Amino acid sequence: MSKSIRLKKGFNINLAGKAEKKIVSDLKPDTYVLKPTDFPGMIRPKVTVKEGDNVKAGTPILFDKKAESIMFSSPVSGEIVEIHRGDKRALLGVKILADKEIEYEQYNKYSISEIESLSQNDAKDLMLKSGVWPNIVQRPFATIANPEDTPKSIFISAFDSHPLAPDYAFIFKDQDKFFQAGITILKKFTKGAIHVNLDGNAEVASIFSQAKDIQLNKFYGKHPAGNVGVQIHHIDPISVGEVVWTLNPFGVIQIGKLFMEGVYDASKIIAIAGSEVKKPQYYKTYSGASVKKFLENNLTNDHVRVISGNILTGEKIDKDGSLGFYDHLVTIIPEGDQQRFVVTDGWFSITKNRLSFHRALGLFSFLNGSNKEYVLDTNTNGQERAFVMTGAFEKVVPMDILPTHLLKAIMAEDFDEMEALGIYEVAEEDLALCEYIDVSKHDVQSIVRKGINLMLEG
Amino acid sequence: MKFIQDFLHKVRPNFEKGGKYEKFFYIYEAHETLFFTPADTTKSKGVQVRDAIDLKRMMMTVIVAMAPCLLFGIWNVGHQHFLATGEGGEFLDKILFGAWYVLPVVVVSYGTGLSIEFTFATIRRHEVNEGFLVTGMLIPLIMPPNIPLWQVALATAFAVILAKEVFGGTGMNILNVAMTARAFLYFAYPSDISGEVWTALDGVATVEGYSGATALAIAASTQAGSVTDALATSWNPEMFTFTSMFIGTVPGSIGETSTLACLIGAALLVLTGLGSARIIFTVFIGAYLMGLIFNLVGANPFMETPAHYHWVMGGLAFGAVFMATDPVTGTHTDTGKWIYGLLIGMLTVLIRVFNPAYPEGIMLAVLLMNVFAPLIDFYIVEANKKRRLSRATV
């Protein structure tokens with residue numbers, strides 16, 4: 001039973017600098033980094049290699065002492081050149097200097113019929129040791145799935161509604177057979193449905209529409225319609241004690257490839273986009289790639305912020321930083337660290353060029369059509385204050401959840417309230433728009449993560 | 001604007017850590033951000049871009065929404081004076097006379113309140129919150145023109161400290177600060193805020209038969225006959241028609257007399273999304289419903305007052321638009337806002353008709369519902385939790 005769901009709430013941030021549909025595949029970054037910090041909930045990462053060791057693509061190099069069966073593999077073959085540690089020797093990243101030609105760790109290969117008849121345990125073993133398991137993120141809490149759990153259903157969002165998000169139909173082109181194999185494998189883990197959720201307003205890619213053993217649903221609406229948390233809420237909501245697994249189509253394809261070809265293939269197509277990029281377009285590279293070469297001679301100026309991911313949920317990285325594990329996008333926008341005169345450009349100004357969800361006096365961006373593209377910088381446009389405005393968060397969260405009350409319950413560390421108000425149904429990304437529109441400039445996403453961590457500990 | 005920026009940069013080190021006036025950094029900062037937005041950028045994790053709005057712009061929008069009330073109020077203070085004294089003044093005379101009375105009240109209100117805000121910000125080492133920019137304008141608008149300035153200062157200080165700062169400052173308060181200031185005066189100095197205080201006479205002799213009573217006072221004291229007749233036979237027969245009360249050419253607190261000016265403000269608040277249309281609408285509906293109910297009972301002339309008269313008499317419109325919509329002290333849930341507004345409207349008329357000592361009800365109605373707002377929200381939130389729980393058992 002496929003479903004069509006129309007969401008009224010939400011907000012689109014239409015940024016300038018969308019990636020042109022061209023793929024550059026001859027730019028090869030030298031180094032790749034696997035960062036334990038990309039995995040929320042990973043508390044005690046341990047490296048299994050030393051500086052100077054040689055690894056292949058797919059060689060396990062890292063695991064979490066709290067979940068020892070799940071291995072994290074090197075995205076490329078080469079030499080471990082740096083094990084980066086921070087305060088109290090916290091592991092921040094493992095850097096690999098890549099070989100010219102990538103060599104792959106060989107795992108078992110299966111034919112299509114073998115994949116179908118494979119037992120759940122055999123499939124799980126291979127997924128755990130090869131490094132594809134971290135693609136499976138569980139809800140509640142948006143942490144890497146526990147291999148011991150049986151999810152009641154599996155959710156795959158087939159579109160990304162974030163600003164400047166890459167076009168999935170484009171970056172997953174011609175991966176149909178791997179996607180199907182991945183679905184066949186995942187089907188072994190749940191008695192429920194595998195939901196693939198499409199953007200109702202976009203053309204449907206064959207990779208999703210032709211896939212078997214899935215339930216196709218359509219979502220119509222503004223961001224965060226593409227967020228898997230929102231989709232779960234409307235199709236198969238999570239209650240206490242239940243677990244749902246979620247994957248990006250990339251993860252499904254990677255799993256399929258592992259079984260069909262016996263390799264851990266971390267190659268991915270990413271978008272380099274944003275108003276400060278000379279030529280926003282797509283690049284073929286590997287997970288964890290250093291972004292340095294993509295940005296060289298490609299930035300309009302030097303005073304920019306480079307973000308791995310999108311502007312709502314991404315993370316600031318250096319110009320020679322590396323791509324996050326789950327990211328398919330690098331956004332570059334102007335840094336906003338200058339004072340502005342209030343009458344011409346501050347809280348007293350009248351403008352249509354500075355995007356606002358609100359309509360306070362002087363902010364006329366709502367008069368622009370939805371096609372208007374904005375150049376936005378990183379200025380906070382104000383300082384943190386106590387909660388004053390009410391009723392706004394509710395307009396950008398298309399779920400039957402009271403965001404303000406949930407956030408206050410988290411701040412008060414009230415476990416019963418958090419549970420009753422729906423902490424199991426949200427992750428940071430689902431309330432990211434609240435953080436964007438907040439008049440009082442709170443760090444909403446870090447409050448949500450704090451709540452999730454409290455629930456995990458409690 | 002370069003010279004202001006240069007000047008600010010020159011003196012800034014004195015206020016920063018280790019500087020001579022380190023303690024007063026937040027006062028310096030409040031002034032700096034009055035001219036230049038802070039250079040703060042988003043953190044490395046979380047949203048990288050923030051909405052263009054901030055609390056300063058939000059508060060400024062509310063102040064602009066109050067401007068029609070303030071300007072009309074200034075004119076009306078003069079207008080009432082010349083009506084009562086029969087001197088006959090031109091438009092400009094009225095404005096000048098009104099300004100002479102109103103502006104000092106505004107200055108005292110802001111002066112007192114901001115001094116307290118700065119003091120608390122310095123002691124508590126936090127940024128100066130913009131909340132008082134609105135409160136400081138609300139307080140003068142609900143004062144009678146004859147109010148002694150020291151009382152304005154005292155009431156402002158009382159309200160800011162006891163209704164706001166003891167709870168932790170803007171955003172944490174339970175009671176509407178401006179209404180608390182008004183309530184303080186009403187209970188502490190009743191003689192200065194009731195009776196013949198609504199028209200600034202300035203010591204000039206009045207015309208024959210003059211009475212300074214407001215429409216509500218006339219309605220409350222009507223013993224026999226109808227309230228509309230009593231209003232029509234007051235000292236000035238054109239004074240209390242429905243139209244004149246709607247436009248606001250009647251005696252009353254400085255900014256509350258004109259329903260029209262309040263509705264202009266309401267339109268701006270609703271269009272900008274800052275005032276809850278739900279609350280404004282339901283306060284009017286609640287007052288009308290209660291008026292109708294009293295019409296049915298009809299035990300005394302005040303009860304028989306046509307229900308729509310309640311919309312234009314007294315401060316109902318001002319309270320509905322600027323007091324009930326206070327996002328901090330009102331209900332926070334959308335459903336709660338319907339109930340909250342409706343009850344404020346009903347209570348206002350109830351208090352008007354039954355309170356013998358004080359004919360205006362909106363002040364007490366808003367304060368009372370401020371106290372009950374968390375309770376209303378509590379039940380709305382419980383309902384949300386129940387929906388989640390019931391799903392679990394299916």
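So, what is the order of the strands in the open sheet of chain A? Before I answer, one caution: this is a predicted model, so please keep that in mind throughout.

Okay, the sheet. It has three strands, and going across you read β4, then β6, then β7, with antiparallel pairing. On the edges sit β4, residues 45-47, and β7, residues 67-73, and each of those pairs on one side only. If you ignore direction, neighbouring strands here are turned against each other by 30 degrees on average.

Let's look at one pairing in that sheet. Strand β6 of chain A, residues 60-64, runs antiparallel to β7(A), and the two are joined over four bridges. To find one of them on your screen, look for D64(A): its bridge partner in β7(A) is A67(A). There's also a helix packing on this sheet, α2 of chain A, residues 120-130. Helix α2 touches β6 and β7, and its direction makes about 60 degrees with that of β7(A).

The crossing is left-handed, by the way.

Which residues of α10(A) meet α13(A)? On the α10(A) side we have L407(A), I410(A) and M411(A). Facing them from α13(A) are V444(A), I447(A), V448(A), K450(A) and G451(A). By class, that contact has six nonpolar residues, one polar and one charged.

Now, both of those helices come back when we turn to chain B. In the contact between the chains, 63 residues of chain A meet 52 residues of chain B. The elements of chain A giving two or more residues to that side include our friends α10 and α13, and also strands β18 (304-308), β19 (315-317) and β21 (340-341). Helix α12, residues 432-437, is on that list too, and α12(A) provides the largest share, four residues.

Last stop: where do strands of the two chains pair up? β21(A) pairs with strand β1 of chain B, residues 36-37, in the antiparallel sense over two bridges.

Definitions and conventions. Residues numbered from 1 in each chain as written. Chains lettered and ligands numbered in written order. Predicted model: local features only at pLDDT ≥ 70, side-chain atom pairs only at ≥ 80, totals over all residues. Left-handed = near helix turned anticlockwise from the far one by under 90°. Contact = placed C-beta atoms within 7 Å. Nonpolar A, V, L, I, M, F, W, Y, C, P; charged D, E, K, R; others polar. Pairing = 2+ DSSP bridges. Axes fitted to C-alpha atoms, helices over the stretch in contact; angles between N-to-C directions.
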